[in-house]
Amino acid sequence: MDINVGATDKSVRTTVGAVAGVLSLAVLAGQLAAPALASPVLGVVALIMLGTAATRSCPVYSVLGMSTCPRNAGP
């Protein structure tokens, strides 16, 4: 896999993933009033965000030919 997630993007993905994970657990525990479907959706979002931040590779970026990583940026 090519690295296509830069440092700032990684930080944003980690933050969004952590917040989505906490919200998912809050809905699951009944501490947050939201539809029951919100918990698994937020859980999947959290896993995707944290996974792409950890591997520094985003499949959507690969398909679109994008990169936020400076060393992969073309002229």
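This is a predicted model: local features need pLDDT of at least 70, side-chain atom pairs count only at pLDDT 80 or more; totals for chains, interfaces and linings use all residues.
**Stop 1**

Select residues 7-28, which form helix 1, and residues 38-55, which form helix 2. Two packed helices are described by the angle between their axes and the distance between the axes. How do the axes of helix 1 and helix 2 cross, and within what distance do they come? The axes come within 7 Å and cross at roughly 155 degrees. Because angles over 145 degrees count as roughly antiparallel, helix 1 is roughly antiparallel to helix 2. The crossing of helix 1 and helix 2 is left-handed.

Now show the side chains where helix 1 meets helix 2. On helix 1, select Lys10, Arg13, Thr14, Val16, Gly17, Ala18, Ala20, Gly21, Leu23, Ser24, Val27 and Leu28. On helix 2, select Ala38, Ser39, Leu42, Gly43, Val45, Ala46, Met49, Leu50, Thr52 and Ala53. Sorted by class, this contact has 13 nonpolar, 7 polar and 2 charged residues.

**Stop 2: the segment before helix 1**

Go to Asn4, which lies in the segment before helix 1. Asn4 has a relative accessible area of 4%, so Asn4 is buried. For a distance across the model, select Leu47 as well: Asn4 and Leu47 are 43 residues apart in sequence, and their C-alpha atoms are 18 Å apart in space.

Select Val5, also found in the segment before helix 1. Is Val5 buried or exposed? Val5 is buried, with a relative accessible area of 0%. Leaving aside neighbours within four places in sequence, the contacts of Val5 are Lys10, Arg13, Thr52, Arg56, Ser57, Cys58, Tyr61, Thr68 and Cys69. Lys10 and Arg13 belong to the helix 1 side of the contact from the previous stop, and Thr52 belongs to the helix 2 side.

Select Gly6, in the segment before helix 1. Gly6 has a relative accessibility of 1%, so Gly6 counts as buried. Beyond its neighbours within four places in sequence, Gly6 is in contact with Arg56, Thr68 and Cys69. The C-alpha atoms of Gly6 and Arg56 are separated by 7.3 Å, although the two residues are 50 residues apart along the chain.

**Stop 3: the loop between helix 2 and helix 3**

Select Arg56, in the loop between helix 2 and helix 3. Most residues other than glycine have a negative phi. Arg56 is not a glycine, yet Arg56 has a positive phi of about 60 degrees.

Ser57 is in the loop between helix 2 and helix 3, and helix 3 covers 59-64. Ser57 counts as buried because its relative accessibility is 7%, and the cut-off for buried is under 20%. Which residues touch Ser57, leaving aside its neighbours within four places in sequence? They are Met1, Asp2, Asn4, Val5 and Thr52. Among them, Asn4 and Val5 were selected at the second stop.

**Stop 4: two cysteines**

A disulfide is a covalent bond between the sulfur atoms of two cysteines. How many disulfides does a search of the whole structure find? The search finds 0. Cys58 is in no disulfide, and the nearest cysteine sulfur, that of Cys69, is 13 Å away. Cys58 is buried, with a relative accessible area of 7%. Cys69 counts as buried too, at 2% relative accessibility.

Methods
Residues are numbered from 1 along each chain as its sequence is written. Side-chain values use heavy atoms; hydrogens and water are left out. Axes are lines fitted to C-alpha atoms, for helices over the stretch in contact, and angles run from 0 to 180 degrees between N-to-C directions. Helices (H or I, at least four residues) and strands (E, at least two) are DSSP runs, numbered from the N terminus. Angles under 35 degrees count as roughly parallel, over 145 as roughly antiparallel, 65 to 115 as roughly perpendicular and the rest as oblique. A crossing is left-handed if the near helix is turned anticlockwise from the far one by less than a right angle, and right-handed if clockwise. Contact means heavy atoms within 4.5 Å. Ala, Val, Leu, Ile, Met, Phe, Trp, Tyr, Cys and Pro count as nonpolar, Asp, Glu, Lys and Arg as charged, and the others, Gly among them, as polar. Buried means under 20% relative accessible area, exposed over 50%, partly exposed in between (1.4 Å probe, protein chains only). A disulfide is a pair of cysteine sulfur atoms within 2.5 Å.
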